[in-house]
Amino acid sequence: MVTKEEYPTLLEGLIGELRRGALGLAVLSQLGQPEYGYSLKQQLAARGMDIPEGTLYPLLRRLEAQGLLESEWRVVDEARPRRYYRISPQGRQALGDLTHEWQALSQALGGLLTGGTK
Amino acid sequence: MTDTLIDRYIHEVGVHLPAKTRADVQLELRSTLHDAMAERGLDPGQPEDADGIAALLGEFGEPEHFAARYHPERYLISPAAFPAFRLSYGIAAVVVTIVHLIGLVLQINRGGLSLEWWGSFMANYVDNMLLNFGVVAFVFYLLEGFKVIKPSKADPAWDPRKLPAIKDPDRVNRTEELVGIIFTIAALLVFNFAPHWIGIISWDDGGARVFPVLAESFLAYVPWLTALWLGELALKALVYRARRWSRVLRLGEFVLQIASIFVLYTIIQNAEIVNIAVVDNLVKFGLSVAVAIMVLEAAKQLFVLLRGEQPALSLERIIERIGK
């Protein structure tokens with residue numbers, strides 16, 4: 001049993017776990033067009049999914065290492081280099097499968113939560 | 001130019017990252033921080049923007065925690081323990097190397113450097129380095145397994161402004177070089193024009209008297225030492241002026257180190273340095289240790305030369321990387 005003082009940390013951990021699985025899906029969904037990390041973060045935040053930098057960038061690397069994203073460095077304006085990420089063909093397939101899975105999970109969970117406890 | 005808070009943050013993140021991905025992650029982090037600063041109208045060169053930049057870095061979190069998220073989840077040594085592991089292994093490796101170099105110098109003095117001896121020496125050295133790595137890794141594995149080393153928790157009071165300054169391996173310590181120049185000039189003058197000043201001082205009724213101790217056979221090598229010191233003097237003057245170590249200067253230093261090792265080794269083997277037998281043995285032992293340290297320094301210099309320039313985060317280098 002956690003104390004009252006420990007509860008915020010526990011809740012933070014639980015929310016982190018709940019969100020963790022969904023973040024990959026959120027990122028994949030926004031990378032149909034190439035985006036660099038900072039613009040992606042802004043785009044996600046504007047749609048209600050604020051992901052801290054310390055989570056987003058390692059996630060992008062992980063998705064790339066898994067072959068779900070592709071990336072390249074580009075110098076666009078003011079000669080400032082940026083790393084652009086884009087969903088890969090395998091990422092598109094994963095996005096479709098994960099979206100399907102998410103919808104099923106969301107529906108099931110919705111039923112469980114609105115149905116209350118037995 | 002002093003490094004900015006942004007430079008220090010990026011550097012500190014790199015300290016906690018594996019070498020393979022370090023430069024790339026640092027590049028992306030720099031690019032992101034610049035985007036964030038541009039959006040907030042912050043300039044790292046402006047002192048009045050320091051608080052805004054500190055707040056921005058605070059959002060990114062402590063460098064150790066930021067870097068930790070880049071590590072794969074399975075590891076033998078955790079990101080939190082990795083800097084301590086690397087330092088411990090480095091210290092142990094230096095100790096093993098010095099012990100072997102002392103053994104090498106003693107064997108040189110005994111004059112028994114056969115091919116078989118070299119083979120056994122190298123095999124023994126590699127064995128000990130591997131054993132050393134294994135023992136240090138195992139100790140850290142146990143320390144983490146038994147929770148003696150725990151992952152550090154994020155510190156809510158962490159202040160980015162307290163980040164340490166970046167150590168630049170090419171930056172010259174001019175005071176050190178200047179002291180070196182003064183001592184080299186002093187050695188040149190004393191050994192060439194007044195070698196009889198080096199000796200045992202005795203006070204009697206007639207005042208202080210110096211009894212010279214340098215042996216004639218050693219004085220015959222003074223021209224060799226003079227050539228070395230002149231070379232050293234020229235190099236130190238160039239280094240002092242350049243303010244930074246370049247590849248050419250490092251090569252010059254390496255050549256001088258090798259020449260010094262050769263001259264000192266020849267003196268130890270062939271000459272009597274001091275005309276008092278017991279003291280001569282002590283001086284030769286001291287010089288042997290100095291030669292061992294010089295071999296280590298030369299090896300380090302060679303490693304830096306062969307490794308070439310470390311990936312810097314300059315715009316030119318970034319563009320060069322993109323080109324590839």
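Trainee: How many residues of chain A are in contact with chain B?

Mentor: The model is predicted. In it, 18 residues of chain A are in contact with 20 residues of chain B.

Trainee: What area do chain A and chain B bury between them?

Mentor: The size of an interface is often given as the accessible area lost when the parts come together. Here chain A and chain B bury about 1800 Å² between them, with 57% of it on carbon and sulfur atoms. A:Tyr38, A:Arg61 and A:Trp73 supply 33% of the area that chain A buries against chain B, more than any other three residues.

Trainee: How many salt bridges and polar contacts cross the interface?

Mentor: The rule finds four salt bridges between chain A and chain B. One of them could be looked at by its distance: in the pair A:Arg83 and B:Asp24, the closest N and O atoms are 2.3 Å apart. Polar contacts between the two chains come to eleven residue pairs, counted with both residues at pLDDT 80 or more.

Trainee: Which elements form the side of chain A that touches chain B?

Mentor: Two or more residues come from each of helix H2 (37-46), helix H3 (53-65), strand S2 (69-75) and strand S3 (81-87) of chain A. H3(A) gives the most, seven residues. By class, this side of chain A has nine nonpolar, three polar and six charged residues.

Trainee: What lines the second largest pocket?

Mentor: That pocket holds about 2000 Å³ of space. It has 49 lining residues, and the closest to its centre are A:Arg20, A:Gly54, A:Thr55, B:His65 and B:Arg69. H1(A) gives the most to the lining, with eleven residues. The classes are 19 nonpolar, 14 polar and 16 charged.

Trainee: Which residues line the second largest cavity?

Mentor: B:Ile102, B:Val105, B:Leu106, B:Phe285, B:Ser288, B:Val289 and B:Ala292 line the second largest cavity, which holds about 40 Å³ of space. H11(B) gives the most to this lining, with four residues. Six of the lining residues are nonpolar, one is polar and none is charged.

Notes. Residues numbered from 1 in each chain as written. Chains lettered and ligands numbered in written order. Predicted model: local features only at pLDDT ≥ 70, side-chain atom pairs only at ≥ 80, totals over all residues. Heavy atoms only, no water. Contact = heavy atoms within 4.5 Å. Buried area = accessible area lost by both parts, 1.4 Å probe. Salt bridge = Lys/Arg side-chain N within 4 Å of Asp/Glu carboxyl O. Polar contact = N/O pair within 3.5 Å; in protein donor to acceptor, adjacent residues only side chain to side chain. Nonpolar A, V, L, I, M, F, W, Y, C, P; charged D, E, K, R; others polar. 1 Å grid on protein atoms, 1.4 Å probe; cavity = no way out; pocket = protein on both sides within 12 Å on 5 of 7 lines; lining within 4 Å. Points joined across faces, edges and corners; volume = space filled by probe spheres on them.
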